Amino acid sequence: MTVSEPRTPHAVSAVTDAGEGTDEERALFESVIADDKRIEPRDWMPSAYRRTLVRQMSQHAHSEIIGMQPEANWITRAPSLKRKAILMAKVQDEAGHGLYLYSATETLGTGRDVLNDQLIQGKARYSSIFNYPAPTWADMGAIGWLVDGAAIVNQVPLCRASFGPYARAMVRICKEESFHQRQGFEILLELMQGTQAQQEMAQDAVNRWFAPSLMMFGPPDAESTNSAQSMAWNIKRFSNDELRQRFVDMLVPQAEVLGITFPDPELAWNEERGHYDFGELDWDEFAEVLAGRGPCNAQRLQRRRDAHNDGAWVREAAAAYARKTAGRAVEGAAA
Amino acid sequence: MSVTDKPVTDKAVTHKPVTDQVENQAVANSSTGQTAVPSTAVAEYALGLGDDALILAQQLGQWISRAPELEEDVALANIALDLLGHARQLLSYAGRAWDKSEDDLAYFRDEPEFRSVHLVEQPNGDFAHTIVRQLIFSSYQFELYSELVKSTDPMIQAIAAKAVKEVDYHRDHAVQWTLRLGIGTDQSHARMATALIDLWPYVDELFHDHAVTKDGKLKSELSGIAVVPSTLRARFDSRTAEVLERAELTAPATFIARGGGRRGVHSEYLGPLLAEMQVLARQHPGASW
């Protein structure tokens, strides 16, 4: 089948490769995609479609899990008990999202243990944004507002992704993310209405997180290798650049409410386009962080590895207990 | 691997969305005690219970993103959130006696002004230490709140009524893990035995009466309101003995730590814990967040 309109210069026409599955299976898959319906775990699907989803969904899950760290670091130092409770609940939500997404990925036949190994061995990617440090409390605001904000813009279209379990997971996750973004905005609002030191802390955090959050949408369309095929499969609905523009357009009026500025001299309303123009992003930095040379890559992975290794004896004990008590239950039934 | 036999209850594993935090304030705002100002004696009593919950919540918060399994990140965060909720209600109520907010009390008191017991000050250690500490504390707290639901003080009664249900789950979570770690492997058994030896000395202080009694009897200002801790000991002992026996573990015959937390005499661990908790608030006195 063909996509109704080429949405990027790279839009492809074929959603399945010949030589895989029966004609009937391929036709059914193609018709589901053409009708914009959902593929379910037991349906036949092309192996490349399955691979793409496992990669994307597990990267998303890993991002939730690694993304807990910069915020968890502030739980013990949150400046009020109310903020401590909210932050704990937020980081807990992220663990929940990770679990939910790993479970959804398991429906494609790849287990959580395999995915976890890929993560701690450094073979899997997660969102590069979490390799930036969160040195001040205002970073909790900036992460909520900008990072969760960008995540929502990315994820809302995924609620219509063609793979059912992913789409359904995203519906719930997006609801919670929207609270996360509001709490980030509210942290910054409180700081901007506070003392001069608090205002400076807020502005400094936004200065540091603005460009990295824009890079969360991935490389420019012309350089995005996975986009075209994902769009043909109705996994991705909008291009990286379209989503990035949507995010900037959303942010500017919110920044005005906060009384906060962005570190981009080229940021200006373009009447002709009906959008905000913004400056070129530092894609070399993006490539560096992606390649593992960002400020916190090593420590984030090490922390995950430590948690996994330190917990090995606990998981072994739980498994051993399950085996032993299963045996006892059988003995009990026999007696 | 994933732990197929998940030792957490449905309640404990269901994570709390950020919105649920509003619920925790419901008790504090309930009509029964919205403006009631506790007597100094009641406020001091509430402060002790609140400090225990606060310090333990602070400790458990350190596990989030470091737990042995994602389910435990969620479960330990849940328990920490429950305890933090109890602490906020108790500190807010106590604070009315001195015109202090929950944050004034949490962030701007020094170490000797805290009233927490030594057990909750003990470090997280490995997962076995955290579970043993939780088993002891939740078992004690369950008995305590089960009695406080009969308190004649409407705020204490309301807080206990909400908290006792949550603590029942905390205890269940600790019991389930005690069984798994006690019976699971030689290593997990040995770690639990070590944790019991390290933490059992701090059991006794939970049941010290001096903070609420005078001349061997409950202070008159607390009559009908507070519980004499020693009256909870027998039930605590029989319940924990039963759990430990099922887990193939025993309560060690060990020394009894002197305690003193309710008088402001603390272990070495409390100072650094408070330094971390209070650092940002104290850098910006008077600021709101």
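Q: What is the area buried between chain A and chain B, and what percentage of it do carbon and sulfur atoms give?
A: Buried area is the accessible area (1.4 Å probe) that two parts lose on being put together, summed over both. Between chain A and chain B it is about 5,100 Å², with 67% given by carbon and sulfur atoms. L81(A), Q92(A) and W313(A) supply 16% of the area that chain A buries against chain B, more than any other three residues. This is a predicted model, in which local features need pLDDT of at least 70, side-chain atom pairs count only at pLDDT 80 or more, and totals for chains, interfaces and linings use all residues. Residues are numbered from 1 along each chain as its sequence is written, chains are lettered from A and ligands numbered from 1 in the order in which they are written, and side-chain values use heavy atoms, with hydrogens and water left out.

Q: How many residues does the contact take from each chain?
A: Contact means heavy atoms within 4.5 Å. Chain A gives 58 residues and chain B gives 59 residues. There are also 17 residue pairs in polar contact between the two chains, both residues at pLDDT 80 or more. A polar contact is a pair of N or O atoms within 3.5 Å; within protein, one must be able to donate a hydrogen and the other to accept it, and residues adjacent in sequence count only if both atoms are side-chain atoms.

Q: Which helix gives the most to the side of chain A that touches chain B?
A: Helices (H or I, at least four residues) are DSSP runs, numbered from the N terminus. Helix α3(A) gives the most to that side, with 17 residues.

Q: How many residues does helix α2 of chain A have, and how far does it reach?
A: The expected span of a helix is 1.5 Å times one less than its number of residues. Helix α2(A), residues 47-72, has 26 residues and reaches 37 Å from its first C-alpha to its last, close to the 38 Å expected. Buried means under 20% relative accessible area, exposed over 50%, and partly exposed in between (1.4 Å probe, protein chains only). By that rule 21 of the 26 residues of α2(A) are buried.

Q: Is D51(B) buried or exposed?
A: D51(B) counts as buried because its relative accessibility is 0%. The residue sits in helix α3 (residues 40-61) of chain B. Leaving aside neighbours within four places in sequence, its contacts include R109(B), E113(B) and R115(B).

Q: Where do R168(A) and E40(A) lie?
A: R168(A) and E40(A) form a salt bridge, their closest N and O atoms being 2.8 Å apart. R168(A) is in helix α6 of chain A and E40(A) in the loop between α1 and α2, so the pair ties together parts that are 128 residues apart in sequence. R168(A) is partly exposed at 47%, and E40(A) is partly exposed at 25%.

Q: How many residues apart are R26(A) and D23(A)?
A: R26(A) and D23(A) are 3 residues apart in helix α1 (residues 23-34) of chain A, about one turn of the helix. Their side chains form a salt bridge at 2.8 Å, N to O. R26(A) is buried at 15%, whereas D23(A) is exposed at 58%.

Methods
Helix = DSSP H or I, 4+ residues; strand = E, 2+ residues; numbered from the N terminus. Salt bridge = Lys/Arg side-chain N within 4 Å of Asp/Glu carboxyl O.
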